[in-house]
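Thanks for coming. I will talk for a few minutes about charged side chains and how they pair. Please have a look at the structure first.

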Amino acid sequence: MKLTQKKIDDYNIELTVTEDAAEFSKAIKEAVKRLANNVSIPGFRKGKVPQNILEHRVGKETIINEASDILLQKSSREALRTLNLFPVSENKADVVTNEEGKDFVYTLTFTPFPQVKLGEYKNLDAEKIVESVTDEQVDKQLEQTRAHHANLIDAAEGDSIVDGDFITLDYVGTIEGEKFAGGEAKDQPLEIGAHKFIGNFEEQLIGAKVGEERTVKVTFPENYHSKDVAGKDAVFECKINSIKHRELPELDDAFAKKVSKFETLAEYKADIRKNMEEAAERRAVEAQREAIIDKAVENMTIDLPPVMVDNRVNQMINDLSAQLQTQGMSIEQYMAFSGLDMDNLREQYRESARKNVLTDIMLEQVATAEKIPVAEEELNFEIEMMAQMYRTPAKQIAKYLSENGQLINVANTIRRRKAVKFILDNMAGADKVAEPTSTETKPAEAPVEPKAEPAAKSKPAEIEASKETKEN
């Protein structure tokens with residue numbers, strides 16, 4: 001085997017491989033055997049048809065092509081192994097010469113795994129910043145619990161709508177005097193102040209009474225999911241059918257006893273503060289740990305091929321699609337509802353995909369540098385965790401992983417997790433880092449990339465605030 005390689009661009013190479021004529025002759029003989037087993041020729045047993053007779057039946061070109069495939073598969077694996085190259089893109093194979101009696105020559109074009117130089121990953125430090133819990137935050141949490149336990153009472157005759165009320169209304173929407181799809185409803189329930197409808201639709205109803213008719217004017221966002229109305233001005237003729245006020249319970253000891261295990265409101269508020277402070281501590285630790293890992297990534301030198309980011313984006317979108325399917329929604333429906341196309345969706349994932357790929361590479365390099373092993377019992381424990389998650393026998397999970405070549409991926413996930421622990425155990429001031437959180441003990445197939453949450457499917461979809469509008 002002769003090997004030569006050349007760079008095509010910053011990320012791709014072309015590998016030219018030459019196998020001598022004797023190797024191609026062996027491949028031709030194997031091709032003849034394979035093809036002979038698939039044809040029936042009178043006077044010959046299957047697999048025993050001479051090459052010249054087989055050529056007459058299937059054609060010499062068929063035999064040569066089969067031999068080329070046989071040698072190409074075997075030779076390409078050996079060539080990559082010899083040069084210690086690991087493609088991160090699909091190999092593009094082109095046969096240059098495949099004539100009987102001559103050397104077999106072909107090229108492989110692909111993106112190899114990039115060169116990586118680990119930077120400092122020990123003795124790193126990051127400040128742990130714990131946000132203080134204010135009285136206002138405690139009171140806000142208390143008010144949310146209070147609102148959750150509120151009673152809804154019919155408004156007295158002549159009462160007007162106020163913020164927080166629950167109402168029902170009829171409406172008919174028009175754009176330039178014409179009705180549009182989804183712009184009409186009867187007895188539509190609506191919580192004033194929840195901002196479920198676009199713009200200031202709800203605020204324009206404040207002050208109205210039961211039976212009153214009111215005109216509401218809004219503009220649909222430019223990025224609205226329904227392209228027919230996006231960016232357009234609309235007029236809604238509304239009629240209020242009912243009003244219910246929210247009656248909040250008194251904030252006293254009786255309320256505390258009803259909603260908690262505590263006897264007094266003071267004890268309950270103290271517990272709320274304690275829980276919020278513990279959550280703040282956990283967030284601070286997670287942020288500190290993430291900052292340490294980010295520093296180790298930043299210290300690494302690598303020219304990351306775009307195809308590796310593209311591959312991770314594909315994986316993330318596939319994960320999203322699978323998640324949506326469990327909720328009865330297709331990826332196409334999600335994009336239509338969110339006002340996205342596939343290019344927009346991919347772009348949303350690109351930065352987090354790049355960060356995830358770089359982090360994985362850094363952790364794998366650390367695991368290799370530190371010779372971090374994966375014991376059989378660790379692999380078995382991971383499979384048990386996956387079995388519990390998917391409610392499937394562990395033996396069945398192990399069989400599936402083995403048959404599909406996925407055990408190595410599970411092992412690599414464990415190694416990366418252990419590499420995280422190694423980096424954190426060796427950080428400056430390691431005593432400040434808390435014990436690993438549950439995110440480090442997720443099963444290998446648990447999703448690790450950020451995922452877009454599907455938008456809620458509530459009516460009327462056509463005039464609801466888009467996700468982007470609510471966030472802005």
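Let me start with Glu184, which is partly exposed at a relative accessible area of 47%. Keep in mind that this is a predicted model. Which residue does Glu184 meet in a salt bridge? The partner is Lys179, with a distance of 3.9 Å from N to O. Lys179 itself counts as exposed, at 58% relative accessibility.

As background, side chains of opposite charge can pair when their charged atoms come close.

The next pair is Lys257 and Glu263, whose side chains form a salt bridge at 3.6 Å, N to O. Lys257 is partly exposed, with a relative accessible area of 47%. Glu263 is partly exposed as well, at 49%.

Then there is a pair within a helix. Glu403 and Lys399 both belong to helix H11, which covers residues 394-403. They are 4 residues apart, about one turn of the helix. The two form a salt bridge, and their closest N and O atoms are 2.7 Å apart. Are these two residues buried or exposed? Glu403 has 55% relative accessibility and Lys399 has 51%. The cut-off for exposed is over 50%, so Glu403 counts as exposed, and so does Lys399.

Salt bridges can also join up into a network. Here, one network links Arg312, Asp360, Glu364 and Arg416.

Finally, the overall count. How many salt bridges does the structure hold? The number is 29, and the pairs I went through, including Lys179 with Glu184, are examples.

Terms used. Residues are numbered from 1 along each chain as its sequence is written. This is a predicted model: local features need pLDDT of at least 70, side-chain atom pairs count only at pLDDT 80 or more; totals for chains, interfaces and linings use all residues. Side-chain values use heavy atoms; hydrogens and water are left out. A salt bridge is a side-chain nitrogen of Lys or Arg within 4 Å of a carboxyl oxygen of Asp or Glu. Buried means under 20% relative accessible area, exposed over 50%, partly exposed in between (1.4 Å probe, protein chains only). Helices (H or I, at least four residues) and strands (E, at least two) are DSSP runs, numbered from the N terminus.
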